[in-house]
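The following exercises are to be worked through with the sequence and the model in view. Each task is followed by a solution in steps.

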Amino acid sequence: MLEVQQKPIQPREDQNLLVYRSSAGSGKTYTLVKTYLILLFQSPSDFGFKEILAITFTNKAASEMKKKVLDALDNIYREGINNKLAIEISKENNFDINKLVKRARIISKKILHNYKDFNLMTIDKFTNKVIRSFSNELGLSNNYNILLEENEFIEEVISEYIDEISKDPNQLDILQNMIDHSIGLGLKNNIENQLNKLKKIIFKSNYKFQNPLSAEETQKLRKFIFKELKSNKKRLKDLGDSGLSLLNEYEILDSWMLYGRIKVILNSTNNLSKLSFRDIEKWNSWIEKEQWFKKSLKVQDLETVSLVYDKIISIIQNIIQDLINWLKLLEVHKLIIPFSMVQSLMDKIIKEKTLQNAILISDFNDLVSDIIKDEPAGFIFEKIGSRFKFILIDEFQDTSTLQWNNLIPLVHESLSVGGKNLIVGDAKQAIYRWRNGNVNQFVNLPKITDPNLKKLYEPLFDHSIFEDDLKNNWRSSINIINFNNWFFKQVVQNLEEPKIQQAYKGLHQNHQRKCEGLVNIRIYEKSNLDLTNYLENCISNAELKGYQLNDISILVRSKKDAVNIINSLLILKKSFVSEDCLFLSSSISYRILYSFLSYLEGQEERDFKILNHLLDVYFSKNQSILKKIKSQLLTFDFNSYNNLYDFQKINFVISFLNFNSNDPFVDFFMNLSNQLLINENFSIFELLEYFKNKSGKLTIENNSKNAIQILTIHKSKGLEFPVVIVPLTNWHVNNSLDSPYEWVENIVLEEEDIELFIGEMTHKSLVHLGKEEIYKIEQEEVLLDTLNLYYVAFTRAVDQMYISFEDSDKKNNLSSLMVSVIKNHKKYNSDLQLLQLYNSEEHSCKDIKKEIDNSDFLNLSNFKIINEAEKIKEQLSFASDLNFGTFFHDVMSKLFSDFSTAYYYLDQKKRTSTINDEYYLNAKIYLNKIQDNKTLDFIFDSNQIIYNEKEFLSKDNEILRLDRLMITKDRAVIIDYKTTKGSNDLDQVRNYLKNINLTAFKAISAYLLYVKTQELVEVTL
């Protein structure tokens, strides 16, 4: 149920563009839902939801928002005039609360019966809706495909491109000439590396990207550049020689010159490849300070110097100017290869999309832009079949320039007819610039940056805007809020960047909870952090205060950091889950299994050495096991191994290595291997080849209910956790995080200009191209990106927050500034290198519920762990073709409480296997029905322990597999899914009740769920 938040200041009647700047935990979701409900109740029609377009930026957020709206309506109906939200809405809007309660039920039913008109969706879904409506005008067929996996698509195009140029003598000749010339100029060009770096700049390109230069023009440019470089080099050499001749002519001695600076410059032209803009900066400084000759020279010597001084300085200035041109030409020459490749790849991409009748999801906004600029907003609404009077936009700080430009005419149309529009966002949580998010649009509202839209739309926006900050934090404890208020204020004051000052203008928050909570920040000397020990202390402290593992989240910036966290938790034997960090290849245990199998199959010395090295790392703290394994390897019986079936070999190596079967990587490897060996008829060699190619992309599923969650900060945004640990926080402000290359315009050369080109996103490259301003802007943006990552990470905690910093000796980076700020806190203990804010008497800020953990359940009588080999034998004996029932049960086995996991798995199956379309569509329909059926919510409640496809041995040693078992306190519930009705359905479930000993529970229920009809049948003995 939604908690009642603070009452915002009310806008005037003509202020219909509501902009709420919502800091972390300040009730953004509440504000959106409340505004949505007000619009529903203000509408004279019970179908008012058809006039509302609510936009979010992820499918998960859209799904959650729909659920919150429907839940709020249901709660109002069930609780009646006592519902707090209903009371608040009725008072603020002069609604009759009795009518409001009555309408809540009616509107809820209307939404459910007209669900396709419940327009709460992602921006991509809305743009796709517009594109489909205008497909004829855009020259697209109605059945075009949307390519979601853009990265994979680009990789395939690159692979085909490499294959094509390797067979094209002309292309190869051009590339070879470029490379030869580059080598002659002292440059390095790795074609393969450059291709891999080009993916991001291609995504930044307009889908209609027209090559700024043809292949012939590019070739002509290359020849021009090479010719200019040769002539420039000769001119620089001549200038240097003429200067040296002057010195000789006037008998200027080396001892007269200060530090030999003049000759440094005159002779430098002999080694041009080592010069850069830094040399130019240094030389200009010498010119400005006139630091060329010693002041202690004799009067006669000074008179001689004065005769040649102006000529020498003139030569030096000419050398500097020519060197600037040389460096620009050299940089353009170096970038011609990637530039021409971008053009070729863009051509290839356009052709490939045409062949596949497909568009990339990143094309959406470009396509809609064409529609928006050519058609009036009213016609667009008419064409898509929905006239939206109200538009609500969530997470506005993450909108791209193109997304907002496409929405501006629609918002303007709504405002022009008196419709309310709501924009909610937080500039401090803008962390998606790498997906083209433009936070400046939010900061500058109601101003419009696009000059083509500004004059037409900005006046009404300016007149209609109402802005307010949501100041109350309803999420976090007092110490966490006070620390973040103080900490980020100090950091921002020290940075003095205008963009950051603007973004953090509404920083201060008021706490609303009574809990004091805990802040624990430890500073470590460089490289002294023992990650495993640090995590153990943080986790133990949280557990002592009454928190469970599933209350704890560890946040990381990168998946690389997550691998280190995972390895530490494996050492500590702490359960963990992670949506995006558990790549199979990251696990040492997997790499040992792979190396061991490779060695056993090929008996190569190289594999043996790799295996021994990995064993040393893995068993470093258990020398006795390590010694035993290495001893057995020396006397290994290969004949016995070779007599095993392939599926037996997998179990053998796991047993031989004494691996923990609870290791999720080992479990995943074992199950997938057996599936491939048995169901796909893989050989061991095919299996090893499969893992060699796929292990870097395979992510494991780990569904332990009481487990620490590992998340990247980007994934944690919008979430909250009782306990948050951020252990690796020295994040470098690195301008190359976003893209290795950047588009640059108007490169001015001596006799030729280039309208559009690319530059490396480095200071050196952009200065050489005369585009230093691009780099400066990027550095400012990256600094804000990085600060925002800290803000998002530090505001996820509800009760407890643990952070560690490394005390770096680098003074000019963000993390060093943060360390110095923390050290200045009045409660910082320099002896312990610790800042701790807490109340020692406070136990836990949440109601700790006693839950039945896995160990309680595993001790139930008649339960036995079924050996994996037994499962394999069963599969061998009773193999059958995949039918829809089996397929749907497989999909449901992935569903615990979050339906997105099932949808994702279903889509993955569609992409990676040959299931027929009917199975896919029916499974999706059934999933939708189950998700929308409120009477089934209890099955997917996350506040319970859930087991899918749980196997037991019956009293007669028969394997019984439950589709779903849910445990809450002392109650157990069995669910059996049926895709069709059968005469033995009831008997089957009764058999479960008879044969599975669940005496540890006071209440046991069992149900049959017929997914097609949504009929739920209770089964009793």
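Contact means heavy atoms within 4.5 Å. The model is predicted, so local features need pLDDT of at least 70 and side-chain atom pairs count only at pLDDT 80 or more, while totals for chains, interfaces and linings use all residues. Residues are numbered from 1 along each chain as its sequence is written, and side-chain values use heavy atoms, with hydrogens and water left out.

**Exercise 1.** Determine whether aspartate 976 is buried or exposed, and list its contacts beyond neighbours within four places in sequence.

*Solution.* Step 1: locate the residue. Aspartate 976 belongs to strand β23, residues 971-978; helices (H or I, at least four residues) and strands (E, at least two) are DSSP runs, numbered from the N terminus. Step 2: apply the accessibility classes, in which buried means under 20% relative accessible area, exposed over 50%, and partly exposed in between (1.4 Å probe, protein chains only). With a relative accessible area of 2%, aspartate 976 is buried. Step 3: collect the contacts, which are Asp963, Gln988, Val989, Tyr992, Tyr1007, Leu1008 and Leu1009.

**Exercise 2.** Describe the surroundings of strand β7 (residues 421-425) and its pairing with β1 and β6.

*Solution.* Step 1: examine burial. Five of the five residues of β7 are buried, so the strand is largely enclosed by the rest of the structure. One side carries Asn421, Ile423 and Gly425, the other Leu422 and Val424, and both faces are covered. Step 2: examine pairing, which requires that DSSP finds at least two bridges between two strands. Strand β1 (residues 17-22) runs parallel to β7 and is joined to it by five bridges; leucine 18 has leucine 422 as its bridge partner. Strand β6 (residues 390-393) is also parallel to β7, with three bridges, and isoleucine 391 stands opposite asparagine 421. Step 3: follow the chain. β6, helix α16 (residues 401-416) and β7 make a right-handed β-α-β unit; right-handed here means that, with the strands pointing away from the viewer, the path from the first strand over the helix to the second runs clockwise.

**Exercise 3.** Identify which residues have the most contacts inside the largest nonpolar core.

*Solution.* Step 1: define the set as buried Ala, Val, Leu, Ile, Met, Phe, Trp, Tyr and Cys residues joined through side-chain atoms within 4.5 Å. Step 2: read off the result. The largest such core has 92 residues, and Trp404, Tyr504, Leu787, Phe794 and Phe805 have the most contacts inside it. Helix α32 (residues 772-794) gives the most to this core, with nine residues. Step 3: take one member. Beyond neighbours within four places in sequence, tryptophan 404 contacts residues including Ile393, Val411, Ile423 and Phe461.

**Exercise 4.** Classify the aromatic pair formed by tyrosine 790 and phenylalanine 794.

*Solution.* Step 1: set the rule. Rings of Phe, Tyr and Trp (its six-membered ring) pair if their centres lie within 6.5 Å; planes under 30 degrees apart count as stacked, over 60 as edge-to-face and the rest as tilted. By this rule the count is 49 aromatic pairs. Step 2: classify. Tyrosine 790 and phenylalanine 794 are 5.9 Å apart centre to centre, with 75° between the planes, and the pair is edge-to-face.
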